[in-house]
Structure formats: C-alpha cells, structure tokens
Amino acid sequence: MDVTHILDGLNDAQRDAVTAPSGSMLVLAGAGSGKTRVLTHRIAWQIQTQNMSPYSVLAVTFTNKAAAEMRSRIERLLAMPVRGMWVGTFHGIAHRLLRTHFAEAGLPQNFQILDADDQLRLVKRVISSLDLDEKKWPARQAVWFINGQKDEGRRPQHIPDEEDLYVRTHVAIYEAYELALERGGMIDFAEMLLRSHELWREHPALLRHYQDRFHSLLVDEFQDTNTIQYAWVRQLAGDNNNLVVVGDDDQSIYGWRGARIENIQRFSTDFPESQTIRLEQNYRSTGSILKAANGVISQNAGRLGKELWTDAGDGEPIYDYAAFNEIDEARYVVSRVRDWVSQGNNHRECAVLYRSNAQSRVLEEAMLRAQMPYRIYGGQRFFERAEVRSAVAYMRLISHRDSDAAFERVVNTPSRGIGDRTVAQLRELAREENTSLWRAAEKMACNTGLPGRTRNAIARFIELINDMDTATMNAALPEMTEMVIERSGLIEYYERERGERGQARIENLRELISAADTFDPEDEVTFDATLPDEESPDTLLDEFLTHAALEAGDRQGDPNADCVQMMTLHSAKGLEFPLVFLTGLEEGLFPSMMSMEEPGRLEEERRLCYVGITRAMRQLYLTHAESRRINGQESYNRPSRFVQEIPQDLLTPVRLSRTAPAPISRPSRSASPIATHNESGFTLGQRVRHDKFGEGVVLNYEGQGSQARVQVNFNDSGSKWLMLSYAKLDVV
Ligand code: ATP
Ligand code: MG
C-alpha cells in the first residue's frame with residue numbers, strides 16, 4: 001500500500017512519532033513544531049497500515065473548530081470520509097456519552113444543558129433561597145467555587161468539612177444547587193465531564209465496552225487539561241497502553257480555569273511504559289518571530305525546557321507601533337491590513353489578537369468605517385446574545401416544559417404582567433411540591449385564592465406556550481423558529497427599544513432563522529452520530545438547542561468568506577496566520593492588572609503572549625497605546641513588559657508622524673489634524689504645569705481660536721481637556 005503521502009513532509013522525529021507501534025506516548029514540543037500534524041498523520045497511518053477501523057479512534061481537542069479541522073485533515077490524507085471516528089471536544093464527547101447512557105447516568109432522557117448565564121442565575125436563586133445575603137456571598141464567586149470543585153472531581157460530600165465559613169457556606173450552596181439541577185433535569189458544563197467519569201466508574205461493563213472499542217486515544221493541547229479531563233482519559237485508557245498526548249507546557253493558558261500544567265509533567269510517571277518524543281524544528285514562523293517568542297518565554301521559571309529552531313530565514317522585521325490612543329491603534333491596524341491586501345494577499349490571512357473582548361469594539365468600528373470585512377471568533381457570541389437566548393428559551397420551553405431555566409428567562413419577556421413577586425411565589429410552590437416552575441404555574445393558574453389579574457397573566461402565558469407548541473408541531477425547524485419569534489412578541493418588544501440597539505437585536509433574531517435553516521447536525525457533531533449501538537434519541541430541534549447551548553457558535557457572515565480574523569489570544573490557540581497583530585500590549589491590560597500581583601498568573605500571561613507571537617507565520621505587528629478608553633474608563637499605561645522582553649534588535653519602532661498622518665481624535669469630537677506644532681503653541685508630549693492640577697503631558701489638541709482645547713494627562717489627576725482661552729498652562 002502506498003503510504004508515502006502520509007510520511008512525506010514529516011521530519012525524522014515526527015515520523016518516529018507517527019509510525020511508533022501502538023503504545024502510550026508523550027509528544028512534548030514547542031509551538032509550530034508539528035504536534036497537531038503528528039496527531040492527524042498518526043491516525044491516518046494507523047487506519048491505513050495497521051488495519052485499524054476509524055471506529056476505534058477517539059481524538060480529543062479543545063475547540064470545535066480544531067476538531068473539525070482535524071477530521072478534515074485526516075479525510076484528506078486518507079482520501080475518503082471516515083465514518084464512526086470520534087473526533088471532538090471533551091465536552092462534546094462527554095455530552096454524547098450522557099445522551100446515549102442517560103439512564104445509567106441518572107439523568108432524564110431530555111436533560112438540558114445549562115450555559116454560563118443560566119448557571120449564574122440559578123446560583124443566584126439558590127443563594128437567596130438559603131436566605132444568604134448576596135452581597136456577602138456573590139453568585140459569581142459561588143459559581144467559581146462550584147465549577148472549580150467539579151473540575152477537580154469533587155461532589156459536596158468530598159469537600160472536607162472545615163471550620164472555614166467560606167468553604168462551609170459554599171458547600172451548602174453547592175448542595176442546594178445540585179438539588180435544583182436535579183429537579184430541573186439539567187446539567188452544567190463542568191458536570192458533563194464529572195458525570196461521565198462517574199458513569200464509567202459505576203458501570204465497569206460500560207467502561208469496558210468503550211475500552212475495547214477505542215484502540216487509539218489521542219489528545220491535542222494536553223497542557224490545558226484539568227484534573228477531571230485527565231482522570232477521564234486515564235480511565236478510558238485503563239491498562240491498554242494506547243494513549244498519545246501532545247502538548248507544550250509553554251502554552252498552558254487555562255490555569256485560571258482549572259487546567260493543570262502538572263498533567264503534562266507527570267504523564268511519564270503515570271504511564272511508565274510511555275515514550276517521550278520531542279520535536280524541535282519550527283515550521284511555522286520566520287526566524288525573527290521565533291527569536292522574539294523565545295526571548296519572552298525564557299523569562300519564565302520551571303519550564304520543561306525545549307529548544308526550538310527554524311531553518312527559515314529571519315524574514316521581515318517585527319514592527320512595534322506606539323499608538324496615541326486606541327483609535328489610532330485601530331486605524332494603524334486597518335492601514336496595515338489594507339497594504340497587505342493591496343499586495344495581492346487575502347484578508348483571511350490576517351489575525352488581530354487582543355487580550356480582552358472589550359478591545360474588539362474599537363477595532364470593529366475602524367474596520368466598519370474602512371469597509372473592511374472581518375469576523376469575530378468567540379466574544380459576545382451569537383447564541384449568547386440576550387435576544388437570541390430568549391428566542392431559544394421559548395423553543396426549549398415548547399419542547400421541554402420542565403426546563404426551569406427557559407421558563408425563568410421568558411415568563412416575563414416581553415413583559416406580560418408576571419412580576420418578580422409572582423415568579424418568587426412560583427419558585428416557592430415549585431420547591432414545596434418538588435416540581436418544575438411550569439407545573440407550579442399550571443397549578444397557580446387554577447388557584448382562585450390569587451388575584452384574578454395574576455392568575456390570568458399566568459394562564460395566558462401557559463396558553464401561549466401550548467398554542468405555539470400545537471402550531472409548530474409539524475413545522476420544519478426554520479419555520480418553527482420564525483413562528484416562535486413572531487408569536488412570542490419578541491419582535492414587537494425589541495422594536496420598542498429605540499435606536500440601533502433594538503434594530504440589531506431584531507436582526508439577530510432574524511439571523512436565528514437563518515441559523516436554523518442552515519443547521520445541519522452532521523456538521524456540528526464531529527463524530528458519527530448514526531452508529532447502530534448509539535442511536536441518537538434527539539430530534540432535530542433538540543440537536544439545534546444543544547448546538548445553541550454547547551457551541552454558542554459564531555455565525556457572523558460566511559466562515560469561508562474572505563475576512564480579517566479577530567479573536568482573543570485564548571481563542572487563537574493552535575491556529576496560525578501569515579500576518580498577526582498583537583494589540584493592546586500595555587501594562588495593566590496585557591499582562592492584566594490582576595495577574596501582575598501574582599507571579600504564577602504573570603507567568604501564565606507570559607505564556608499567553610508566547611502563544612500570540614507564535615501564531616504568526618510571516619509578519620508580526622505589536623501595538624500599544626499611550627492612552628486607552630476601555631470599559632468607559634480612560635487610562636494611561638506603559639508599554640507591556642513583554643515588549644521589553646523581546647530582544648530589542650528584532651523590533652523596528654514605528655513613529656507616529658510617519659504612519660498616522662490622518663486626523664486623530666475621538667469620533668465624538670471634531671477632528672483636528674495631528675501635527676507636531678499647532679496654533680495652541682504646544683507640542684505633543686510637552687510637559688506643562690497648571691495652577692490647580694499640577695504637572696502633566698500634552699496628549700492631544702483640537703479646535704481653533706477661542707475653541708482651541710488641549711488634552712493633558714496630569715500626574716495626579718489624570719487626563720483632562722482644557723479650553724486654552726481659560727486654562728493657564730505653563731511650559732515646564
Ligand atoms: P501549536 O503548538 O501552535 O499547536 P503545532 O506544534 O501543533 O503548533 P502544527 O500546527 O502541527 O504545529 O504545525 C505548524 C505548521 O508547520 C503547520 O503549517 C504545518 O503544516 C507545518 N509543518 C509541520 N511539520 C512540517 C514538516 N515536517 N514539513 C513542513 N511543514 C510542516
Ligand atoms: Mg497544534
């Protein structure tokens with residue numbers, strides 16, 4: 001059999017990893033050294049030469065995008081579709097297991113997935129039902145505690161009973177929350193892994209079935225597994241000695257969410273039979289980019305230590321742009337992308353990366369203004385938007401009346417006279433009767449002891465849902481979606497919300513119809529759902545609702561269209577782009593304020609920076625702004641320490657005057673050309689003194705004559721705009 005195409009394009013170490021006989025293996029290697037390539041080629045190799053069935057392969061990675069990519073690469077290598085292979089995310093695979101074995105897992109057949117927002121609201125309710133003061137016991141903290149415990153594999157009874165009031169109270173919340181979940185037939189994200197782990201633990205025959213089935217287990221991005229994920233994989237591997245993991249300790253960026261970098265460090269101890277393979281050649285980036293990345297990451301202590309080299313030349317220099325403010329930064333990015341495209345390249349080859357989602361808006365505005373196509377990955381994702389969530393909640397309630405989360409979300413959206421007090425009564429009744437809110441509402445609608453208005457309002461809501469159910473009984477998914485959106489009153493409701501916001505919400509609702517129209521479960525589930533022994537009980541609607549909760553997918557525009565790719569650094573893991581912008585490289589933003597106080601977290605930020613730099617193949621731009629308005633606040637920060645950690649000879653600083661001749665001012669103010677001198681008589685960057693505010697630096701000016709104003713960043717009182725005709729400023 002000709003397998004040269006599987007082995008061609010692999011170096012010796014990669015080839016050893018791909019063709020190693022069945023056995024456990026750790027591939028430990030730096031960014032861009034071909035780890036993911038090794039995984040896909042190994043799967044193809046095993047199927048082609050070891051007579052392994054695709055049915056016996058389970059490959060796990062962290063995002064659906066990566067899973068889909070992996071599957072398509074394997075299919076390309078084998079030149080045929082691979083049915084029956086399980087390639088997915090930890091959550092996706094655990095979810096599939098629970099759907100298939102719901103009874104053994106102690107779940108109702110139609111259990112619902114609670115997303116982050118639903119979870120927070122449920123925890124809030126639990127806190128108030130325990131008569132705890134939410135100010136003292138914030139729901140977010142409780143959610144954090146609960147998810148953290150689940151990620152460590154602990155139920156409330158496994159948490160040592162401590163004197164500590166913090167722990168005790170949170171354990172009580174955790175317990176009450178679990179009861180609420182059970183009553184509503186719901187599970188949250190962290191529960192999926194924990195529950196499937198318990199499922200296997202308590203049903204050894206079932207575990208054996210899967211152990212016998214999967215002859216090859218592979219995990220990508222292993223450095224970001226948490227305790228329960230690793231325990232789950234080990235459980236499945238059992239004594240079969242068939243687990244291959246690939247990872248890079250320098251790219252562990254989810255410690256804040258429970259990832260255990262130790263997993264990669266202890267793999268060889270846990271699997272003493274395993275061999276370790278190191279890959280050292282980087283095929284992705286130019287020499288300069290790689291040196292910059294190495295310079296940054298070498299500042300971290302306690303690394304497993306890997307050498308990474310490339311035989312590509314140094315390539316283009318790395319540009320370091322000191323922007324005036326965030327708007328200037330965005331313009332710079334747009335102008336560079338435009339240059340790139342004018343040289344015959346594509347938009348989709350450019351990635352704009354940022355530390356926090358809030359940074360995207362200004363960048364988006366600049367792109368919109370320049371009519372530059374872009375696409376955002378992650379962030380305020382389509383299915384997370386309030387209006388979309390409401391529409392989906394109606395659909396969920398129609399198919400599962402007992403979904404309390406859905407009930408809560410829509411019972412008074414749009415408002416129909418069922419106020420907080422009534423809802424509180426409903427909750428109380430549901431708790432007393434140990435039933436769902438829907439059943440409680442049905443009961444309350446018949447309770448003549450209640451004011452007629454309340455009763456009627458509840459009865460009308462019940463009727464509305466029942467009617468929608470009947471009307472959409474035989475409707476196709478997009479028609480059902482449309483009917484729900486119209487009949488629920490959501491469109492009218494958002495029409496009343498004036499301005500663009502309401503309009504955008506209505507557009508999103510319409511977009512949901514298209515999402516339903518183009519929805520194809522085969523695209524979503526990256527492993528084959530139609531195997532005889534795992535017949536899926538789900539209807540298309542269920543699949544769609546699951547998709548909405550699981551994927552919170554991003555459907556802005558056509559994924560294949562030629563768009564600039566925008567995403568947070570976290571979402572960029574594993575991806576690569578010819579041109580990369582690392583934006584917002586400022587102290588306090590990246591590294592983030594919180595991480596600066598803790599050495600461990602600072603190191604994680606540094607790894608995130610390493611991930612960012614190593615996404616770039618040919619060209620890298622770094623940008624930072626002197627002043628930045630973010631989350632409604634203006635701040636002045638020094639360039640990030642990470643910029644200083646890059647060997648300075650690799651950086652080419654870009655001067656403001658050369659690259660930003662365009663007017664710079666906030667959109668709300670009249671634009672004034674930036675020049676080094678103006679009629680105000682002041683120079684940008686000049687130090688001045690004000691009688692009241694003290695010393696500061698001139699940041700900007702605008703207007704003329706009596707309207708002339710300057711913006712000064714005062715050492716003590718921050719930035720202020722001052723009218724020159726009033727304020728007396730002296731040059732220092
Ligand atoms: P990351 O750590 O970022 O996940 P990785 O180690 O998984 O990176 P890959 O994405 O597998 O790296 O590979 C990086 C790039 O190098 C890809 O474009 C891949 O096709 C290419 N590549 C890997 N190995 C080789 C090789 N032997 N010859 C040519 N190109 C290669
Ligand atoms: Mg990879």
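Visitor: Which residue does Arg 201 form a salt bridge with?
Guide: Glu 202, with the closest N and O atoms 3.1 Å apart. Bear in mind that this is a predicted model.

Visitor: Is Arg 201 buried or partly exposed?
Guide: Arg 201 is partly exposed, at a relative accessible area of 46%.

Visitor: How many salt bridges does the structure hold?
Guide: The structure holds 39. One of them joins Glu 191 to Arg 155, where the closest N and O atoms are 2.8 Å apart.

Visitor: Which parts does the pair of Glu 191 and Arg 155 tie together?
Guide: Glu 191 lies in helix 9 and Arg 155 in the loop between helix 7 and helix 8, so the pair links parts 36 residues apart in sequence. Glu 191 counts as buried, at 1% relative accessibility, and Arg 155 does too, at 7%.

Visitor: Which residues are linked with them in a network of salt bridges?
Guide: Besides Glu 191 and Arg 155, the network takes in Lys 150, Glu 178, Asp 188, Arg 195 and Glu 198.

Visitor: Switching to the ligand. Why does ligand 1 lie between domain 1 and domain 3?
Guide: Because both domains give residues to the shell around ligand 1. Helix 3 gives the most, with three residues.

Visitor: What polar side-chain atom lies 2.7 Å from an oxygen atom of ligand 1?
Guide: One from Arg 37. A polar backbone atom of Gly 34 is 3.1 Å from an oxygen atom of the ligand. The protein buries 86% of the 640 Å² that ligand 1 exposes when taken alone.

Visitor: How do the shell residues divide?
Guide: Into three nonpolar, 10 polar and six charged.

Key
Residues are numbered from 1 along each chain as its sequence is written. Chains are lettered from A and ligands numbered from 1 in the order in which they are written. This is a predicted model: local features need pLDDT of at least 70, side-chain atom pairs count only at pLDDT 80 or more; totals for chains, interfaces and linings use all residues. Side-chain values use heavy atoms; hydrogens and water are left out. A polar contact is a pair of N or O atoms within 3.5 Å; within protein, one must be able to donate a hydrogen and the other to accept it, and residues adjacent in sequence count only if both atoms are side-chain atoms. Accessible areas come from the Shrake-Rupley method with a 1.4 Å probe; for residues, only the protein chains shown count as cover. Helices (H or I, at least four residues) and strands (E, at least two) are DSSP runs, numbered from the N terminus. Ala, Val, Leu, Ile, Met, Phe, Trp, Tyr, Cys and Pro count as nonpolar, Asp, Glu, Lys and Arg as charged, and the others, Gly among them, as polar. Domain bounds come from an automatic or database domain assignment. A salt bridge is a side-chain nitrogen of Lys or Arg within 4 Å of a carboxyl oxygen of Asp or Glu. Buried means under 20% relative accessible area, exposed over 50%, partly exposed in between (1.4 Å probe, protein chains only).
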